[in-house]
Amino acid sequence: MIGQLTLPFRLLVACIYLFLLAPILIVLPLSFSNDSYITFPPESWGLRWYAAMFSHAGFAQALWISFVIAITVTILGLAAGVPAAFAIRRRQFIGREFLLNLFTAPLLLPSIVLGLAILLVFVQARLLGTYTGLIIAHLIITTPYVIRIMLTAFSTLPPSVEDAATMLGASPFTVVRRITLPLMMPGFIASAALSFLLSFDEVVISLFITGPRLRTLPVEIFDYVESQTDPMTAAVSVVLVAATLLIIFLIERTLGLSKTIGK
Amino acid sequence: MQTQELRQVIPAAETNTGDQAFLKLKGITKRYGVDYMAVDDLDIDVPKGKLLGLLGPSGCGKTTTLRMIAGLLDITRSKITIDGDDISHKPPHKRDIGLVFQNYALFPHMTVAQNVAFGLEMRGVGRVEARDRVEEALEMVRLPGYGERKPKEMSGGQQQRVALARALVIRPRLLLLDEPLSNLDAKLRDDMRIEIREIQQRLQITTVFVTHDQVEALTMCDLVGVMHKGKLAQLGTPEDIYERPADLFVADFVGRTNILDGEIEALDRVRIGASVYPCNTRGLTSGKAKAAIRPHRISLTPSRDRSLVSMATNAAHGKVTRVTYIGDVVQYDIDIGGNTLTTEVHTASAGHSFQSGEKLLCEWKPQDMQVFAQGSGN
């Protein structure tokens, strides 16, 4: 298949990659600028802004806050989404379809609409600018993805393997531990990674509900670019891209690994 | 592999008895909702070491019955005993029953050896003994040395044999097979049929086999239970089922059959169209009836005078309306005064081949014409 790609098609693919990677191609050199303001190409080179970033209290604190929130959201999202997907896929009950649609509805709403709605509710509930508020808001974004991915994971579980283990003498707990969980692992990893990244990168809704003392990293960056024009944001962006790539790489390795030992 | 060695791997036949019931199903019932009876009051006894086939169309309750024996499905009402041990309320993982699934259900994240060893591990069998038993079980299904493969690297037939080894290595008291051949192609199915039957007979393991394929049921089983709408329509040897069907459903479902509308005139006399034929009315003396004749029990000769045919034989003049060449047989549809009879003639023995429109004489023995009361078995 790959050997048969025609030249125009290869060019098209190259253009698409260029388009997707263009921001990074600009930001990466820019982050190594030693200038005091953004010019491209930079006039002087150095690690000045990386140093500035790590000593900048606002960014360091925002990074920590974003990390804590993303981890919490990932754990809570899996805790809610996995049993929900299990019930929807495995149990027969009235309102199953309705619940599925309800749980995944936020996927269809533009974030700006969701952000506004959350703002209105959170003002009443006094949740603006709190960890609780941010975590709830991010869960609204991430849980539908977890449910979607886990639904697929449950339905790709080969039929009868759990019954087969039972007939061979495995207790219900052993069946889950030895058969169900290992086969669902790719689904768990995928939804955990996606939850973490969605929460960590989330800007729009966070803008509505962060306060002066509780700002996530994307919000901090957003505010910084509004008031400053130095290349520090480029350095921050490169660090973020690198962190994201690392996570994706780890997933690819573990999922790739589980594919060679599984399926 | 020698039979004696095999017994060591899976000794199933030490305990006593020839024909005494080993597996007893007593009044097995599965009801869904208020009044839908998926399985309705089934009584079956299977002697030790015998293979029972549960045969029926989809939705007849055969798989439901199997799953209730396995314990994977709650029983509404019943008693199941294996060798006198009441297992009706035992959880499935304590029943000590081997089950082979239609889709094999091998564990995709484990090697073949790990799959086969799983049941031994659950029983706390030591590592060394487990390894030996796994290898012997794989030899039994003719897959020696395949232990390190992954299930997905094997063909459907090989996967099914691994599933069989996995079910048998735990030396279960009972083996259940749920349509084990239906995902295989025709040639492989024939081989596996023979192989499963051989292993079952060598191990003398009591087995229940669910199938919708009458050839499988007739060729493999010691006993066949034909199921229809949740009820046991007939239980008997393959010969009983084929030669002496208990009702119209069994006659129609097992093997190909001509079914003709008629009326019983007297004991063993049925009127079809304008003619009255000697037949087997099974004790009935009157009423509307359906007569069943197997296509290959009708012999065809060029048309001649009825008086030349023995009075002990039924005969009807007819005209060929359709000729279908199938390979091993030629099928002739013959119009005998308003009714159509489908007949089969083996191509090897066909001294004369008939043309469409040709007139001929159909003959069959009275005992090959089974007559059932209208509506029996429906």
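Okay, let's start in chain B, with two strands that run antiparallel: β1, residues 21-32, and β4, residues 77-82, joined by five bridges. Before I go on, please keep in mind that this is a predicted model.

If you want to find that pairing on the screen, look for Leu23(B), which stands opposite Ile82(B) in β4(B). Then look for Thr29(B), which has Arg77(B) of β4(B) opposite.

Now, what about β2(B)? β1(B) pairs with β2(B) as well, again in the antiparallel sense, and here there are eight bridges. Tyr32(B) faces a tyrosine, Tyr36(B) in β2(B). How many residues sit between the two strands of this hairpin? Three, and one residue in the turn, Gly33(B), has a positive phi of about 65 degrees.

A quick reminder for anyone new to this: sheet strands pair through hydrogen bonds of the backbone, and they can do that in a parallel or an antiparallel way.

Let's zoom out to the records. For chain B, an unreviewed UniProt entry annotates residues 23-254 as "domain: ABC transporter". In the model, that stretch is 36% helix and 26% strand, and its end C-alpha atoms lie 25 Å apart.

For chain A, the annotation, also from an unreviewed UniProt entry, is "domain: ABC transmembrane type-1", over residues 63-251. This stretch comes out at 80% helix and 0% strand, with 22 Å between the end C-alpha atoms.

Last topic: where the chains meet. Here 24 residues of chain A are in contact with 24 residues of chain B. Together the two chains bury about 2100 Å², and 66% of that is on carbon and sulfur atoms.

How many salt bridges cross this interface? Two. One that you can look up is Asp163(A) with Arg67(B), where the closest N and O atoms are 3.1 Å apart. There are also four residue pairs in polar contact across the interface.

And which helices of chain A supply at least two residues each to the side that touches chain B? They are α7 (161-167), α8 (172-201) and α11 (232-261). Sorted by class, that side of chain A has 13 nonpolar, seven polar and four charged residues.

Definitions and conventions: Residues are numbered from 1 along each chain as its sequence is written. Chains are lettered from A and ligands numbered from 1 in the order in which they are written. This is a predicted model: local features need pLDDT of at least 70, side-chain atom pairs count only at pLDDT 80 or more; totals for chains, interfaces and linings use all residues. Side-chain values use heavy atoms; hydrogens and water are left out. Contact means heavy atoms within 4.5 Å. Buried area is the accessible area (1.4 Å probe) that two parts lose on being put together, summed over both. A salt bridge is a side-chain nitrogen of Lys or Arg within 4 Å of a carboxyl oxygen of Asp or Glu. A polar contact is a pair of N or O atoms within 3.5 Å; within protein, one must be able to donate a hydrogen and the other to accept it, and residues adjacent in sequence count only if both atoms are side-chain atoms. Helices (H or I, at least four residues) and strands (E, at least two) are DSSP runs, numbered from the N terminus. Ala, Val, Leu, Ile, Met, Phe, Trp, Tyr, Cys and Pro count as nonpolar, Asp, Glu, Lys and Arg as charged, and the others, Gly among them, as polar. UniProt positions are given in the numbering used here, feature names are shortened, and annotations may be inferred rather than shown by experiment. Two strands pair if DSSP finds at least two bridges between them.
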